[in-house]
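This report goes through one protein model part by part. Please keep the sequence and the 3D view open while reading.

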Amino acid sequence: QVQLVESGGGLVQPGGSLRLSCVASGRIFTINQMGWYREAPGYQRDLVALITNDGRIDLADSVKGRFTISRDDARNTVFLQMYSLKPEDTAVYYCNAKVPTNWGPANYWGQGTQVTVSS
């Protein structure tokens, strides 16, 4: 019912910047929360940043001060602005949305976009 499409990944040198975008489409009545997770080879999928419908923002300690998250409710879009990228940030980044259903909140995931930080 809900589709998420990420874009903006790529190859950058250490210290560079990228902006990721995620657009939600489909049968959408409301979205309670959108966020970004990342998964590197040999590691679990971890939370990077999230933003709730009332504006609360959570950031992982490893990215605080370097990454920011924002949303455009009219376009059902969430952004992840990344500065001062490090090789340790290399991962597949996944967009996530939590939406209410008759049976409780449901999670939706995008296909992922690759971010590679290397010199």
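This is a predicted model: local features need pLDDT of at least 70, side-chain atom pairs count only at pLDDT 80 or more; totals for chains, interfaces and linings use all residues.

In general, the strands of a sheet pair through backbone hydrogen bonds, and the pairing can be parallel or antiparallel.

Strand β3 covers residues 18-26 and runs antiparallel to β1, with 6 bridges joining the two. One place to look is Val-5, whose bridge partner in β3 is Val-23.

## Strand β4 and its partners

Strand β4 spans residues 33-39 and is mostly covered, with 6 of its 7 residues buried. Strand β5, residues 46-52, runs antiparallel to β4 and is joined to it by 6 bridges. Across this pairing, Trp-36 stands opposite Ala-49 in β5. The two strands β4 and β5 form a hairpin with 6 residues between them, and in the turn Gly-42 has a positive phi of about 85°.

Strand β4 is also joined to β9, residues 91-101, by 7 bridges, and these two strands run antiparallel. Here Gly-35 stands opposite Asn-96 in β9.

## Two residues with positive phi

Most residues other than glycine have a negative phi. Asn-76 is not a glycine, yet its phi is positive, at about 50°. Asn-76 lies in the loop between β7 and β8, the latter being residues 77-82. Its relative accessible area is 26%, so Asn-76 counts as partly exposed.

Ser-84 is not a glycine either, and its phi is positive at about 50°. The loop between β8 and β9 holds Ser-84. With a relative accessible area of 40%, Ser-84 is partly exposed.

## The disulfide

How many disulfides are counted in the model? The count is 1, formed by Cys-22 and Cys-95, whose sulfur atoms are 2.1 Å apart. Cys-22 lies in strand β3 and Cys-95 in strand β9, so the pair ties together parts that are 73 residues apart in sequence.

The torsion about the S-S bond of Cys-22 and Cys-95 is about -85°, and therefore the disulfide is left-handed. Are Cys-22 and Cys-95 buried or exposed? Both Cys-22 and Cys-95 are buried.

## Two pockets

Rolling a probe the size of a water molecule over the atoms shows where empty space is left. The largest pocket has a volume of about 240 Å³. Its lining includes Gln-1, Arg-27, Phe-29, Trp-103 and Tyr-108. Strand β9 gives the largest share of the lining of the largest pocket, with 3 residues. By class, the lining of the largest pocket has 7 nonpolar residues, 4 polar and 1 charged.

The second largest pocket has a volume of about 170 Å³. It is lined by 13 residues, and those closest to its centre are Ile-31, Met-34, Arg-71, Asp-73 and Asn-76. Strands β4, β5 and β7 are the elements that give two or more residues to the lining of the second largest pocket. That lining is made up of 3 nonpolar, 7 polar and 3 charged residues.

Note on methods. Residues are numbered from 1 along each chain as its sequence is written. Side-chain values use heavy atoms; hydrogens and water are left out. Two strands pair if DSSP finds at least two bridges between them. Helices (H or I, at least four residues) and strands (E, at least two) are DSSP runs, numbered from the N terminus. Buried means under 20% relative accessible area, exposed over 50%, partly exposed in between (1.4 Å probe, protein chains only). A disulfide is a pair of cysteine sulfur atoms within 2.5 Å. On a 1 Å grid over the protein atoms alone, a cavity is a set of points where a 1.4 Å probe fits but cannot get out, and a pocket is an open set with protein on both sides within 12 Å along at least five of seven lines; lining residues have an atom within 4 Å of a point. Grid points are joined across faces, edges and corners, and a volume is the space filled by probe spheres set on the points. Ala, Val, Leu, Ile, Met, Phe, Trp, Tyr, Cys and Pro count as nonpolar, Asp, Glu, Lys and Arg as charged, and the others, Gly among them, as polar.
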